[in-house]
Amino acid sequence: MLARGFYKFRPWFWDGHGCGETTRVEREIDRMFTKEFKCTVCDKPENQCTCNRYCALCHADYELRLTEDGQYYCRDCREACDYKSQDQV
Ligand SMILES: [Zn+2]
Ligand SMILES: [Zn+2]
């Protein structure tokens, strides 16, 4: 957990609309400091990765999410193997 005072610095993505927004931003900041899933191919997080994506197990190309091991899996395989995407951790 970060020191409370950290939030006073208002990072660049701060847009400060009400307390609900503050909670969202704080969660965003916390996530930046927690372990981030990165694509094994380009070493970038899911939202920056521009690799050709396909499921590492069945090669499907739909509903892919990056999981902890740095590979993409389709929803069916993730559910079958209990892999979680970053925002499900
Ligand atoms: Zn990638
Ligand atoms: Zn699959």
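Where does Gln 88 lie relative to H2? In this predicted model, Gln 88 is found in the segment after H2. Along the sequence Gln 88 and Thr 67 are 21 residues apart, and their C-alpha atoms are 9.7 Å apart in space.

**Overall layout**

The chain contains 2 helices and 2 strands, arranged along the sequence in the pattern α-β-β-α. Helix H1 spans residues 18–33 and strand S1 residues 65–66; strand S2 covers residues 72–73, and helix H2 covers 75–81. Of the 89 residues in the chain, 12% are buried. Contacts between residues at least 6 apart in sequence include 21% that join residues at least 24 apart.

**Confidence**

The mean pLDDT of the chain is 81, and 67% of the residues score at least 70. Among the elements, S2 has the highest mean pLDDT, 98, while H1 has the lowest, 64. Where pLDDT is low, the predicted coordinates should not be read in detail.

**Nonpolar core**

Which residues form the largest nonpolar core? This core has 8 residues: Phe 37, Cys 55, Leu 64, Leu 66, Tyr 72, Tyr 73, Cys 74 and Tyr 83. In soluble globular proteins, nonpolar side chains tend to be buried together. Leaving aside residues up to four places away in sequence, Tyr 72 touches Arg 53, Tyr 54, Cys 55, Ala 56, Leu 64, Arg 65 and Leu 66.

**The loop between H1 and S1**

Gln 48 is located in the loop between helix H1 and strand S1. With 10 other C-beta atoms within 10 Å, Gln 48 counts as exposed. His 59 lies in the loop between H1 and S1 and is exposed, since 8 other C-beta atoms lie within 10 Å. Glu 63 also has its place in the loop between H1 and S1, but is partly exposed because 13 other C-beta atoms lie within 10 Å.

| Pair | Sequence separation | C-alpha to C-alpha distance |
|---|---|---|
| Gln 48 and Lys 38 | 10 residues | 9.4 Å |
| His 59 and Cys 74 | 15 residues | 8.2 Å |
| Gln 88 and Thr 67 | 21 residues | 9.7 Å |

**Positive phi values**

Most residues other than glycine have a negative phi. Glu 63 has a positive phi, near 50 degrees. Asp 82 has a positive phi as well, near 60 degrees. Asp 82 is in the segment after helix H2.

Is Asp 82 buried or exposed? Asp 82 is exposed, because 7 other C-beta atoms lie within 10 Å of its own, and the cut-off for an exposed residue is 12 or fewer.

Methods: Residues are numbered from 1 along each chain as its sequence is written. Chains are lettered from A and ligands numbered from 1 in the order in which they are written. This is a predicted model: local features need pLDDT of at least 70, side-chain atom pairs count only at pLDDT 80 or more; totals for chains, interfaces and linings use all residues. Helices (H or I, at least four residues) and strands (E, at least two) are DSSP runs, numbered from the N terminus. A residue is buried if 20 or more other C-beta atoms lie within 10 Å of its own, exposed if 12 or fewer, and partly exposed in between; C-beta atoms are placed from the backbone. Two residues are in contact if their C-beta atoms, placed from the backbone, lie within 7 Å. A nonpolar core is a set of buried Ala, Val, Leu, Ile, Met, Phe, Trp, Tyr and Cys residues joined through C-beta atoms within 7 Å. pLDDT is the predictor's confidence in each residue, from 0 to 100.
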